[in-house]
Amino acid sequence: MQTNFGSPPRKRGILLQVPRLLGGLVLNNPGWCLALSQSRYEMNGLKLFQKIADCFPTKPLPPETAITQCSYLGCPDCSDIEAFFNGKQWDQVSVKDYRLHCDATSLTTQTAFNYFLPGWMSACVLDRKVADVLPEYLISVLGGKSDFSLERSHACYGLLSLKQLECAGHFFEWYIGGSDGEEDSQNASTRVQHWIAAEKARCECYVDRPIRRLRIRTIHDLQSLSIARLQAYRKKALSLESKTVDWDAIPADDDCFVWFKDDPRWKTVYLAILSALNSKHG
Ligand SMILES: [Zn+2]
């Protein structure tokens, strides 16, 4: 593995220390950064880092045997990555070390890739200069057109929560804001936005929509309803879920409402609606 990456980092005051303080000082001392004169781009990077640190857990670590996936026994590149990343938390690796091992973005297993993703993103936003080509490596994996990239980004996003997906989305926006916006980064951004939209739709479907319920009416009540209201009531009965998805949302011993079709009372109510409708038509 090549270890010489050009000139050593310049001394630039506090910002240079940030890599070693990943996850610690920045979060504990929100005031320090105000003392620095920084570009908007750097400030956005710091905000993004805080978001990443909030959304991605540092534990559990990937299992010892799950850092690299090389089929070539004794492969020096993979052995190097395995030895370096094994047992390390994503927030305990310096920006410089993430840069030195940037081929880990393509040589790690899916588990290790997802675990260190917040580390790679943080390293890029905390010190863009020291991170050097690291963002390009990461973005070519998540935004490239090869089968490997498509597969990896698909598997990666499938394992992320909505908040984590949004972090990745912000990361690409941040990167595009400071670059020429080459094709891979646009692809990566578009790809993650699709996942965010899909995840939001899924959440609305299962969480935000209240569970439908049907008021239980006696046959006597039903016979006093108009045909139109009976038809609406029948439609509502048919729209209930087969089984409930969220038991906690249903009050215990509810004798006013039926919440799902598997409730034996549903059939009784439904048959009563049909018989009321028949008697009106007849
Ligand atoms: Zn290898």
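The following paragraphs lead from the chain as a whole to one of its helices and then to a pair of helices in contact.

This is a predicted model, and its chain has a secondary structure of 15 helices and two strands. Of the 282 residues in the chain, 30% count as buried. Where contacts join residues at least 6 apart in sequence, 71% of them link residues that are at least 24 apart.

Helix H3 covers residues 40-55, and its 16 residues reach 23 Å from the first C-alpha to the last, which is close to the 22 Å expected at 1.5 Å a residue. Within H3, the buried residues include Gly 45, Leu 48, Phe 49, Ile 52 and Ala 53. They lie on the same side of H3, because they cover an arc of only 140 degrees around the axis. An α-helix has 3.6 residues a turn, so residues three or four places apart point the same way. Arg 40 and Asp 54, by contrast, are exposed residues on the face of H3 that is turned away from its buried side.

Two packed helices are described by the angle between their axes and the distance between those axes. For helix H7 (residues 110-126) and helix H10 (residues 147-158), the axes come within 10 Å and cross at roughly 65 degrees, and the crossing in which H7 passes H10 is right-handed. On the H7 side, the contact is made by Gln 110, Phe 113, Asn 114 and Leu 117, while H10 contributes Arg 152, Ala 155 and Cys 156.

Terms used: Residues are numbered from 1 along each chain as its sequence is written. This is a predicted model: local features need pLDDT of at least 70, side-chain atom pairs count only at pLDDT 80 or more; totals for chains, interfaces and linings use all residues. Helices (H or I, at least four residues) and strands (E, at least two) are DSSP runs, numbered from the N terminus. The expected span of a helix is 1.5 Å times one less than its number of residues. A residue is buried if 20 or more other C-beta atoms lie within 10 Å of its own, exposed if 12 or fewer, and partly exposed in between; C-beta atoms are placed from the backbone. The arc is that of the directions from the helix axis to the C-beta atoms. Axes are lines fitted to C-alpha atoms, for helices over the stretch in contact, and angles run from 0 to 180 degrees between N-to-C directions. A crossing is left-handed if the near helix is turned anticlockwise from the far one by less than a right angle, and right-handed if clockwise. Two residues are in contact if their C-beta atoms, placed from the backbone, lie within 7 Å.
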